[in-house]
Each structure stands twice: as C-alpha cells, then as structure tokens.
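Reader: Could you walk me through this structure, starting with how its helices pack?

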Amino acid sequence: MKRLVVFSILLMAMFVMSTGLAAAQDGHIVERIRDRGELICGVNSVLPGFGTQNDAGEFEGFDVDICRAVAAAILGDANAIAFRPLTAAERPTALAGGEIDMLSRNTTWTLSRDTEWGATFGPTTFYDGQGIMVKVEFGVTNLAELGEESITMCATAGTTTELNITDTADRLNADWELSTFQDFDAIMDAYEAGACDAFTSDVSSLVSRKATSADPAAHLILPEVISKEPLGPVSPQNDANFADIIRWTVWGLVTAEEFGITSMNIGDYMDSEDAGVGRLLGLGDNVAGDYLGISDGFMVDVITQLGNYGEIYDRWLGPDTIFGLERGVNALWTDGGLLYAAPFR
Ligand SMILES: N[C@@H](CCC(=O)N[C@@H](CS)C(=O)NCC(=O)O)C(=O)O
C-alpha cells in the first residue's frame, strides 16, 4: 500500500514536471520574437506573386504578407520582420534548426511533413494543385497526349511535385525521364534551352512563371491538375502558442473579409455594436488577444496594415495583377469556396 502511494506521488510529480516543461516551451518563439524585436520568416525569393524581392530589395508577395500579418499580430508592426529566402529543400532544416520562426513559402501540407518535420501547419492560405507546362510549339494539349511522348520532365528537388509526377508517370505508364533541380530559375533556363520538354509545379507557380516569362503566349499549362496542394504557413511543433497565433491571424484575415472589414473602412467598425465584429477586433471588453497572450486589438493592427484576406489576395494575385488569378476554390465558403474560419469566441 505504502509503495503504491509513493509510486502514485512519483507519477503525479512526473506529470506536473512534464506539463511544467511543456508550458515553459510554449510561447518561447513569441518571447524570442519580442526580445529580438522582429519575426524571422522563411520565404521564396523567386516566385513572383507569392515571394520575391522587388527592385528595392524588399520581399513582397502573398506568402510574404502572411508573415507580415503574424509580425503585426505579435509586435503591432508588419515591418518588424526579417526574411530568409529558402529553396524547397532547405525548408525542413531551417525550421527544425530555429533559423527561422516560421515558414510561409508555397509549402504543401502533407502527413509526412506534419510529422517528420516536427512542424505545425497553419490554416491553408492557398488551395492549389499540381500542373504541367509545355511549349505551345511542342504540340501537346493534354496529359494523355503527353503520356505518349518520350520526354524529359523537370521539377524542383525536395518538393511534393517530384513525388506526384512519379505517381502520374507510373499511372500513365509514360516514358518520362525525371530531372530535378534545386533552384527553379535553373529549371526555367533548362526548359527555355530545350533541356526540359515539360516542367511541373504547383499551378500557381506555373501561372507565375508563365506570366513573367519573355513570351507568355509561347507556353501552355495543360488542363489537368494531378494533385492537391494545400499551401500555408508552418511553425515548429514545440510551440503551440505561436502556432495558435498564426492560426488565428490567418482566420482573422478570412473573418475580416467575411464581415466586409477592410484596411480602408476599418475605422467605421471601431465603435461597432455587432458582437462578432467586437470579438474579432477586441472592442470593449472583448479579449481576443488575451487568449493568445497578445494585444486584444491584434486584428486591428493586422487589418489596418495589410487588409483582409481578399485584399492581400487581390494585391498580389488578383485581376489587377499580371497573374489575374480567379479566386476559385480560394473564395470564402459563403461564396462557394473553401475558406472557412473557426469562430472568434
Ligand atoms: N508546394 C510544393 C512545391 C513547392 C516548391 O518549392 N515549388 C517550387 C517549384 S516546383 C518553387 O516554388 N520554386 C520557386 C519558383 O516556383 O520559382 C511543396 O511544398 O513541395
């Protein structure tokens, strides 16, 4: 009996210690960001529309703005941020090694990454799928026709792209030689020079590369989409508080669009009596940020500086950009799309 009591006390002590340790870990990234005064975000630097450097050397794009939104949520300033350009293959080590606080680099959420990368995926910010691009002069107009050709297919190493195209080649019994590159610019050069007959990537990447190529009309993105590529931000698995902040910042952007709150009209909402708006913006005695350990008005900072989800999308990818990407499945659920945020309450 005595041994049982001692054993139970020991077990309880171990439980308290382990939860205590977990609590000490939780929030350490947020603390690190506050101490440093800036968030470090891993991004793409060669993908116009999503992550690229402009002539002034500043990072910009849809994925970049997701990083900026998290910086605004934690530090109140979308510019309190440093960017680390990463190739696809560099992503897991940069995240695991603490070189970056988070990643927002056209990264697909998969089971193996969710577990083996020691990562937590935030909400999907862009629902994508994999496509294939060929030169119009090649004369092929669909996947079945391409499957009949003996070709060199090019892709980026360390991506889901590489894995999916192998599945597709097997399924079609195609005689394709797969050639992989670390760097997407190198693929483009090889493709332009004729060393790749076709190249494959997320459709958004293909649209981006086609639109920014010397002669966009010379390339065709085949109509078939061969995979699901839910792209979104990623953070280390050992800080649930930071992951929550990312999650609710993204959902805040989506909710703001749902409510029609924009960077231009947010002032009109600051004395809103609508309970849902009050919870999103942390008005009155609403404590949205308190749950997360950040300012209650964190979404005011985010929306004022970056706009809502739709504004971010339109700024980088929408009808007034060279990409002119339709919202499609990336529309709000109320418009028949897949964007659906959990409630702020
Ligand atoms: N979403 C895929 C692909 C991500 C990726 O890195 N794609 C390459 C192209 S396949 C890329 O973004 N390269 C930069 C570019 O497109 O310019 C993944 O997470 O593995």
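Reader: At roughly what angle do the axes of helix H10 and helix H14 cross?

Author: Happy to start there, with a note that this is a predicted model, in which local features need pLDDT of at least 70, side-chain atom pairs count only at pLDDT 80 or more, and totals for chains, interfaces and linings use all residues. Residues are numbered from 1 along each chain as its sequence is written. Helices (H or I, at least four residues) and strands (E, at least two) are DSSP runs numbered from the N terminus, and axes are lines fitted to C-alpha atoms, for helices over the stretch in contact, with angles from 0 to 180 degrees between N-to-C directions. The axes of H10 (residues 240–259) and H14 (residues 309–316) come within 6 Å, and they cross at roughly 95°.

Reader: Which residues of H14 make the contact with H10?

Author: Contact here requires C-beta atoms, placed from the backbone, within 7 Å. H10 brings Leu253, Val254 and Glu257, and its partners in H14 are Tyr309, Gly310 and Ile312.

Reader: How are H3 and H10 oriented to each other?

Author: Helix H3 (residues 62–75) packs on H10 with the axes 10 Å apart and an angle of about 110°. Angles under 35 degrees count as roughly parallel, over 145 as roughly antiparallel, 65 to 115 as roughly perpendicular and the rest as oblique. H3 and H10 are therefore roughly perpendicular.

Reader: How many residues of the contact of H3 with H10 are nonpolar?

Author: Ala, Val, Leu, Ile, Met, Phe, Trp, Tyr, Cys and Pro count as nonpolar, Asp, Glu, Lys and Arg as charged, and the others, Gly among them, as polar. In H3, Ile66, Ala69, Val70, Ala73 and Ile74 meet residues of H10 including Ile245, Ile246 and Thr249. The contact has no charged residue and 1 polar one, and its nonpolar count is 9.

Reader: What separation do the centres of domain 1 and domain 2 have?

Author: The bounds come from an automatic or database domain assignment, which gives domain 1 (28–127 + 231–335) and domain 2 (130–227). Taken over C-alpha atoms, their centres are separated by 30 Å.

Reader: Where does the ligand lie, and why?

Author: The ligand is surrounded by 18 residues, with Ala88, Thr156, Thr159, Phe184 and Ser201 the closest; being near takes a C-beta atom, placed from the backbone, within 6 Å. By class, this shell has 6 nonpolar, 10 polar and 2 charged residues. Both domains give residues to the shell, so the ligand lies between domain 1 and domain 2.

Conventions
Contact = placed C-beta atoms within 7 Å.
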